[in-house]
There are 4 protein chains.
Amino acid sequence: MRTMKAAVFIRPGRIALEDKPIPTAGPGQAVIRITTTTICGTDVHILKGEFPVQPGRTIGHEPVGVIAELGAGVTGYALGQRVIVGAITPCGQCYPCLDGHQSQCGGKAAGGWRFGNTIDGCQAEYLLVPHAMSNLEAIPDGLTDEQVLMCPDIMSTGFGGAESGGIKIGDTVVIFAQGPIGLCATAGAKLRGASMIIAVDGVAARLETARKLGADVTIDYTKTDPLTEIMRLTGGRGVDVAIEALGTQQTFESCLRALKPGGTLSSLGVYSGKLSLPLDAFAAGLGDHRIITTLCPGGKERMRRLMNVVASGRVDLQPMVTHRFKLDQIEDAYDLFMHQRDGVLKVAITP
Amino acid sequence: MRTMKAAVFIRPGRIALEDKPIPTAGPGQAVIRITTTTICGTDVHILKGEFPVQPGRTIGHEPVGVIAELGAGVTGYALGQRVIVGAITPCGQCYPCLDGHQSQCGGKAAGGWRFGNTIDGCQAEYLLVPHAMSNLEAIPDGLTDEQVLMCPDIMSTGFGGAESGGIKIGDTVVIFAQGPIGLCATAGAKLRGASMIIAVDGVAARLETARKLGADVTIDYTKTDPLTEIMRLTGGRGVDVAIEALGTQQTFESCLRALKPGGTLSSLGVYSGKLSLPLDAFAAGLGDHRIITTLCPGGKERMRRLMNVVASGRVDLQPMVTHRFKLDQIEDAYDLFMHQRDGVLKVAITP
Amino acid sequence: MRTMKAAVFIRPGRIALEDKPIPTAGPGQAVIRITTTTICGTDVHILKGEFPVQPGRTIGHEPVGVIAELGAGVTGYALGQRVIVGAITPCGQCYPCLDGHQSQCGGKAAGGWRFGNTIDGCQAEYLLVPHAMSNLEAIPDGLTDEQVLMCPDIMSTGFGGAESGGIKIGDTVVIFAQGPIGLCATAGAKLRGASMIIAVDGVAARLETARKLGADVTIDYTKTDPLTEIMRLTGGRGVDVAIEALGTQQTFESCLRALKPGGTLSSLGVYSGKLSLPLDAFAAGLGDHRIITTLCPGGKERMRRLMNVVASGRVDLQPMVTHRFKLDQIEDAYDLFMHQRDGVLKVAITP
Amino acid sequence: MRTMKAAVFIRPGRIALEDKPIPTAGPGQAVIRITTTTICGTDVHILKGEFPVQPGRTIGHEPVGVIAELGAGVTGYALGQRVIVGAITPCGQCYPCLDGHQSQCGGKAAGGWRFGNTIDGCQAEYLLVPHAMSNLEAIPDGLTDEQVLMCPDIMSTGFGGAESGGIKIGDTVVIFAQGPIGLCATAGAKLRGASMIIAVDGVAARLETARKLGADVTIDYTKTDPLTEIMRLTGGRGVDVAIEALGTQQTFESCLRALKPGGTLSSLGVYSGKLSLPLDAFAAGLGDHRIITTLCPGGKERMRRLMNVVASGRVDLQPMVTHRFKLDQIEDAYDLFMHQRDGVLKVAITP
């Protein structure tokens with residue numbers, strides 16, 4: 001049995017590289033050899049024990065690679081073809097998938113999120129892809145691994161936040177938190193036609209990146225009260241859409257307070273602890289507010305669209321790759337990433 | 001100066017009939033002589049001091065009447081014409097109105113709700129109607145006052161809850177609480193094509209009315225755990241849409257727990273105290289949940305549509321009028337209504 | 001090799017019963033033994049040579065049956081289970097399917113329509129079902145074959161016409177032609193909350209059925225000019241939604257002329273010959289008109305929803321089965337159906 | 001009585017400058033002194049007698065100016081304030097306006113288009129603005145007349161074409177014809193997140209402008225067959241959205257032929273003569289096609305949004321102003337514009 005290296009969740013506080021068998025593809029499945037992957041904030045939640053996964057699980061859900069094996073019935077692809085797979089892998093054939101809720105595949109909350117959660121993930125040399133027909137997407141010629149590395153998760157999620165917000169041409173949009181997801185939401189808001197995009201964070205370098213990706217105004221909350229500033233910028237009107245990209249009571253609540261009556265709070269964060277709806281900001285339920293949560297859209301059609309956005313040059317997220325590691329060094333990569341040292345945004349991991 | 005009787009908010013705990021001048025219509029306004037009106041749960045909140053209005057304000061926002069005066073520029077109507085006016089009176093010409101947020105007229109939360117809130121209301125002999133061109137709607141021949149009495153508020157609100165839920169043909173919908181608003185939401189869910197409608201309340205008579213209005217299944221929460229029963233009825237799937245029609249943490253939370261991943265919580269209640277989002281039911285933000293609040297849609301186009309629904313016989317809400325009072329007896333009517341005595345659903349008040 | 005009887009397209013003008021091998025299920029496929037099926041207007045187009053299919057093709061796309069064989073990878077079903085399959089059989093895994101265009105599966109126009117078109121259909125003793133995981137749906141206990149016989153095509157199509165029209169509560173809707181599809185569109189319009197439904201046809205019995213299924217007003221175009229009458233009924237306003245259910249220039253054009261500015265023409269017909277847009281009715285392109293065509297939605301989730309509508313008693317289409325035949329008599333059934341003799345609406349065919 | 005110069009439709013073939021009384025503002029109206037205006041393709045249709053207006057009508061519907069008079073009840077504005085008014089002037093208070101069909105104000109097709117059509121327009125020194133509260137919008141500080149000159153019509157129309165197309169992130173969009181409206185639709189498609197925008201025209205300079213405004217690919221139809229090229233570019237898939245921006249059978253039909261099954265034809269042109277739907281491209285009605293026509297959205301909220309887009313620098317349409325004339329020279333301006341001489345795109349007219 002051939003083996004490979006894989007980053008495995010051992011116990012809270014410990015992810016370690018271990019040897020595992022290289023997977024083989026059953027019917028409808030594929031195996032891809034990973035050429036580049038990355039670490040997500042959710043992986044850090046797993047490492048910290050804040051999001052439970054089974055010990056022994058290979059972590060990671062942002063794969064870029066090459067097709068190594070195609071199971072029975074997987075057609076239209078070739079061995080050696082460069083592909084990505086979304087973090088979310090809908091089957092396409094269950095009730096929620098057929099009803100347009102592909103991220104909730106199978107009908108269990110977040111059921112479409114399998115990699116590094118309910119099945120082995122991609123921080124490894126090889127990855128077994130379920131429902132390959134719905135999920136493998138060829139990388140267009142001329143795009144590098146790093147150019148498409150954000151497509152499987154953060155680009156899809158961040159853009160999804162802008163999409164779920166129902167942004168209209170001429171909208172004012174605020175995005176609270178400018179980590180990788182928030183930055184992608186900022187880029188997404190621009191892509192949907194917002195005319196004033198306000199990015200809020202406490203890290204100057206992230207705000208600078210936000211400006212490059214589309215923010216018209218940035219607010220450093222350590223220096224300026226965001227709500228006062230937002231109301232000043234909007235003439236007291238509030239924003240049309242507020243995107244939450246961190247997962248805390250404070251950012252959630254700030255979004256709600258920043259909204260105009262009739263506005264939409266588009267929530268991307270993974271919350272822990274408690275979450276409450278302040279009734280003054282919620283107008284006691286009379287404000288025609290909308291709160292929409294969005295899990296990363298997946299599937300090959302989504303990946304195709306996102307890579308087209310990259311290929312068109314509309315959005316360039318490659319500068320978000322600030323550090324590079326070999327798979328062997330993944331424990332160092334986690335250490336850097338989880339402590340947000342050295343201005344890290346995203347790391348590229350190559351086996 | 002001619003005077004009229006009006007039910008006036010004096011202080012928390014006291015609404016009393018007083019003499020007030022009969023209003024006169026300025027440009028763009030109209031005065032209607034009230035022929036029938038009713039009391040809303042929100043009026044009880046005002047009476048109890050839970051929703052603040054200025055002392056001296058005439059209460060009431062559900063007018064049926066006859067045009068007594070038309071101000072300059074109000075055309076297309078005739079004195080003596082029978083009309084209704086929605087509880088919400090959008091101007092039609094401000095930014096939110098032109099942007100499709102008529103209930104949030106003027107840009108202040110619930111800004112379109114003026115009657116009995118920011119201007120005098122209709123529990124009186126006469127009512128001054130602002131923005132008359134947007135708001136007066138003639139009653140179709142053959143419909144009685146009581147047949148259209150629910151149109152200005154609870155029918156519009158309840159149907160709005162079903163509409164905001166985005167109900168699709170074949171959906172399963174639960175409505176928590178079967179007071180007047182919840183009953184209208186039940187009727188609205190049927191009108192949108194839900195195939196299984198589950199109504200929850202603790203009062204047998206209300207559940208019986210719910211069945212008449214469209215509920216396929218009723219759950220008396222004093223006898224059966226609603227969530228267990230809902231999961232049983234849906235084979236563990238959860239409902240597509242859950243409508244909250246009371247305004248409490250418990251009903252809000254139950255709605256969230258009843259939802260399938262990807263489902264919509266359509267909130268109609270006026271909340272007080274605190275409101276929190278239980279993170280397990282909210283899937284930590286990963287469940288593609290949607291929470292939509294809806295304030296009663298108003299304006300003459302809405303009233304036209306709702307009266308057409310009544311005229312077509314699709315929905316008959318007149319049986320909800322369980323008690324009748326003269327305006328002189330309005331204090332008795334409040335007493336009955338706020339204590340929910342004698343199976344009261346809605347009262348008809350006639351000057 | 002076991003054989004079965006199948007109604008086969010021989011050449012224009014001739015469909016005949018022939019012996020064919022009973023199909024066997026490959027991976028992802030299933031075979032069902034047909035217990036009831038029916039004939040569709042489209043089958044008549046095929047018979048007449050107006051819609052080309054390959055000689056030798058088994059006709060029919062409205063199957064009700066029992067699972068006879070499950071191919072590899074088809075799970076969650078049991079042999080002997082009673083099921084239906086939609087006329088349209090989306091794979092769920094191609095780009096259009098994942099993008100919400102399941103009827104256009106594979107990206108070819110009407111690509112999801114396979115049965116009796118690009119593969120053998122169900123006017124036979126057995127049917128091979130492709131993409132079984134997306135398409136087999138169990139019949140709820142207590143529903144008969146005839147109760148669900150309309151679900152695979154005409155109920156899904158007719159309701160789809162109402163859904164695509166974007167009907168809102170209180171809308172006025174006209175449906176031109178009250179054949180089986182138009183009748184289902186009438187029922188669908190009621191299910192979506194239209195408050196005035198106008199059904200147009202030239203056959204009194206069909207108009208009577210239309211009234212039973214939800215039409216408030218019927219117009220016999222042989223006696224009354226529909227457009228004059230529609231404008232009278234709507235006070236010159238025109239209808240909000242006009243549904244075309246025949247596929248002719250005249251009905252298409254009448255729909256357009258009946259519409260209010262800003263209205264939606266929801267087209268269900270299969271057109272032949274020529275189709276033109278009269279520019280006066282189209283307001284030279286300035287009328288904010290919408291023309292939406294809808295191919296029968298398929299897939300098991302759709303079938304589940306439609307059977308729930310039947311189970312709830314909201315809509316009862318069984319009375320549309322006016323005649324019954326054995327598969328052996330299918331040539332007689334075609335003869336009756338294509339000549340619309342004896343008040344036929346739909347026939348039930350049982351092997 | 002003070003008089004002013006106004007460009008008046010005399011008879012087909014002749015628009016001439018005449019003296020007219022300066023209008024005065026009745027209740028709810030305003031008069032603006034025009035500082036800049038322009039000529040639209042529709043004005044040329046009027047001049048040619050292809051679109052009928054009453055002789056004596058002042059032409060023009062793209063006003064930029066200064067408030068000269070405010071009628072009774074018009075509040076929130078000041079004399080001397082710089083404003084624009086949309087080409088379409090919804091009242092905000094009629095049934096269609098309250099129902100979201102503001103361009104169809106009053107319920108007559110294109111009823112919201114009044115200027116230079118049913119009332120006097122803005123190719124004059126002064127303009128009477130109806131429904132001023134719904135329509136006057138202050139120009140943000142720092143924007144010049146020419147920067148906002150496209151907002152009242154072509155920017156609103158062109159963007160409207162992109163919006164009505166329902167463009168999603170990653171869509172492929174083709175725009176047939178790159179006159180002023182088509183160029184704005186190209187800019188609008190980019191603003192909504194299309195990743196491949198294909199612009200078709202026969203004039204090299206217009207294609208070059210298209211590239212500046214967002215086109216990724218341009219096709220000169222005099223040299224290359226657009227449909228062949230579109231199918232090549234999309235791998236045979238067809239486009240998601242095709243925008244028609246000329247108003248001819250050929251462009252309309254090409255749009256339909258370029259579409260994928262399930263795609264949307266967003267139509268902006270003003271058609272004359274005949275318009276037919278080729279059934280092969282229309283898949284006989286089975287292709288889930290959508291044809292949406294859009295009349296220029298108006299009202300002050302729309303103008304506010306569009307000027308915000310200009311202010312943000314997202315889209316710069318000022319380069320479309322290729323020629324400048326005094327109002328005295330307007331007959332020359334018409335001559336240049338209607339013959340499309342000298343690379344004219346839009347002219348600025350200043351009284």
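**Salt bridge, interface and cavity**

User: Why is the link between A:Lys168 and B:Asp99 called a salt bridge?

Analyst: In this predicted model, the closest N and O atoms of A:Lys168 and B:Asp99 are 2.9 Å apart. A salt bridge is a side-chain nitrogen of Lys or Arg within 4 Å of a carboxyl oxygen of Asp or Glu. Between chain A and chain B the count is four salt bridges.

User: What makes a residue part of the contact between chain A and chain B?

Analyst: Contact means heavy atoms within 4.5 Å. Chain A gives 38 residues, and chain B gives 38 residues. The side of chain A divides into 17 nonpolar, 14 polar and seven charged residues. Here Asp, Glu, Lys and Arg count as charged; Ala, Val, Leu, Ile, Met, Phe, Trp, Tyr, Cys and Pro as nonpolar; the others, Gly among them, as polar.

User: How do you know that the second largest cavity is lined by A:Cys97 and C:Cys97?

Analyst: On a 1 Å grid over the protein atoms alone, a cavity is a set of points where a 1.4 Å probe fits but cannot get out; lining residues have an atom within 4 Å of a point. A:Cys97 and C:Cys97 are among the lining residues, so each has such an atom. By class, the lining has four nonpolar, four polar and no charged residues.

User: What do the numbers and letters follow, and which limits apply?

Analyst: Residues are numbered from 1 along each chain as its sequence is written, with chains lettered from A and ligands numbered from 1 in written order. Local features need pLDDT of at least 70, side-chain atom pairs count only at pLDDT 80 or more, and totals for chains, interfaces and linings use all residues, while side-chain values use heavy atoms, without hydrogens and water.

Notes
1 Å grid on protein atoms, 1.4 Å probe; cavity = no way out; pocket = protein on both sides within 12 Å on 5 of 7 lines; lining within 4 Å.
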